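We will go from the whole chain down to single residues, one stop at a time.

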Amino acid sequence: MKFGVLRFPGSCDEVDALAAAARVGEAELIWHAERDLGGAEAIVVPGGFSYGDYLRAGAIARFAPAMESVIEFAREGGLVLGICNGFQVLCEARLLPGALLGNANLRFTSRQVRLEVVRADSAFTCACGAGDAGEDAGADAGGAGARRTSLSIPAKHSWGRYYAQERTLDELEANGQVLLRYAAGENFNGSLRDIAGVVNERGNVFGMMPHPEHAVDELIGGSRDGLAIFESMRMAVEGAAVV
Amino acid sequence: MRARVLIRPKAGILDPQGEAVQRALPALGFAGVSGVRVGRMVELEVEDPAQLEAMCEKLLANPLVEEYEILAP
């Protein structure tokens, strides 16, 4: 399968995202001014400071020609992963509910975080955890029967405090749209309900603040846990997992 | 026409910048300060001020977390 990784002026994690995606499939960069997604079967909106983060993080990037195509791609059911700044872009584009606000500690923070995988049966997390991923498909995986595993991957941002209205948060939890949470003691940015990653209602657009693309090699990433996110997407696209 | 748009965090949303400013002021001897909120201002020259509201909704502010006030003379 083929991943398309967007590159905006000011992106800085697109090369790592490309390398991570290339470990599980083909991967190609897509310049922000392109409308053609080049036949990509899944899209990664990477981290960085698109358009200098002017006005608000992600506010300008959502109007890029490539993003218009990504919005269309998402409407058709295509898989879209937004990481860090990419998560902010997807929220600004209203593909995901909520917004990312300045960290409660007012600091840029870069550290390894432990994440709880709330659901391991989604298109973005089905390769998390041991064994037969996708087995829980269709079940209420947010409930007691859910397989819970954790990931250790880096996070680095100033604007990562997930915010949504209480009603929206209740809906997200009830619908099983919270896929990743900061484990106890790891929520340094003050995200409401410890949310680290949310998926849209349809299950094909996912945003997360921590960086799976930086944790694909034990030599430099502290773990290879991030690879599971990309592997999950490959499985979902290739039909290896029922999601 | 010259217009100004004031944008600030919505009431009820934690504003750590405002809190930091509020904590700093007493340290400089300014007592009795509360409710500090930090936002931003956009100044712009517009031909059609009727479009300002749509500009705020679409780009200048994020209505989910920010409120805006259009100051047009």
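Select chain A. Of its 243 residues, 56% are buried. Keep in mind that this is a predicted model.

**Stop 1: the whole of chain A**

Show the cartoon. Chain A holds 6 helices and 11 strands. Its radius of gyration is 16 Å, close to the 18 Å that the globule rule gives for 243 residues, so chain A is as compact as a globular protein of that length. Now think about contacts in chain A with a separation of 6 or more. Residues 24 or more positions apart account for 74% of them.

**Stop 2: colour by confidence**

Colour chain A by pLDDT. The mean is 91, and 91% of the residues reach 70 or more. Next, select residues 130–146 of chain A. Here the pLDDT is below 50. Beyond near neighbours in sequence, this stretch still has 27 contacts in the model.

**Stop 3: the sheet**

Select the strands of the 9-stranded sheet in chain A. In which order do they run? Read across: β2-β1-β3-β4-β11-β10-β9-β6-β7. The sheet is open, and its pairing is mixed. Look at the edges, where β2 (26–31) and β7 (149–157) of chain A stand. Each has a single partner strand, so one side of each is left without a neighbour in the sheet. From one strand to the next, the twist averages 20°.

Zoom in on β4 (residues 79–83) and β11 (residues 205–208) of chain A. These strands pair in the parallel sense, over 4 bridges. Pick A:V80: its bridge partner in β11(A) is A:V205.

**Stop 4: two residues with positive phi**

Select A:C84, in the loop between β4 and α3 (85–92) of chain A. Its phi is near 55°, a positive value in a residue other than glycine. Is A:C84 buried or exposed? Count the other C-beta atoms within 10 Å: there are 29, so A:C84 is buried.

Move to A:D194, in the loop between β9 (178–182) and β10 (195–199) of chain A. A:D194 is not a glycine either, yet it has a positive phi of about 60°. With 19 other C-beta atoms within 10 Å, A:D194 is partly exposed. The cut-off for buried is 20 or more.

**Stop 5**

Select A:R107. You will find it in the loop between β5 (99–101) and β6 (109–117) of chain A. Now draw a line to A:M67, from C-alpha to C-alpha. How far apart are A:R107 and A:M67 in space? The distance is 29 Å, and in sequence they are 40 residues apart.

**Stop 6: where chain B meets chain A**

Show both chains. Here 9 residues of chain B are in contact with 8 residues of chain A. Select helix α1 (residues 16–27) of chain B. This helix gives 3 residues, the largest share of the side of chain B that touches chain A. Colour that side by class: 7 residues are nonpolar, 2 are polar and none is charged.

Definitions and conventions: Residues numbered from 1 in each chain as written. Chains lettered and ligands numbered in written order. Predicted model: local features only at pLDDT ≥ 70, side-chain atom pairs only at ≥ 80, totals over all residues. Pairing = 2+ DSSP bridges. Axes fitted to C-alpha atoms, helices over the stretch in contact; angles between N-to-C directions. Contact = placed C-beta atoms within 7 Å. Nonpolar A, V, L, I, M, F, W, Y, C, P; charged D, E, K, R; others polar. pLDDT = per-residue confidence, 0-100. Buried ≥ 20, exposed ≤ 12 C-beta atoms within 10 Å, placed from the backbone. Rg over C-alpha atoms; globule rule 2.2 N^0.38 Å.
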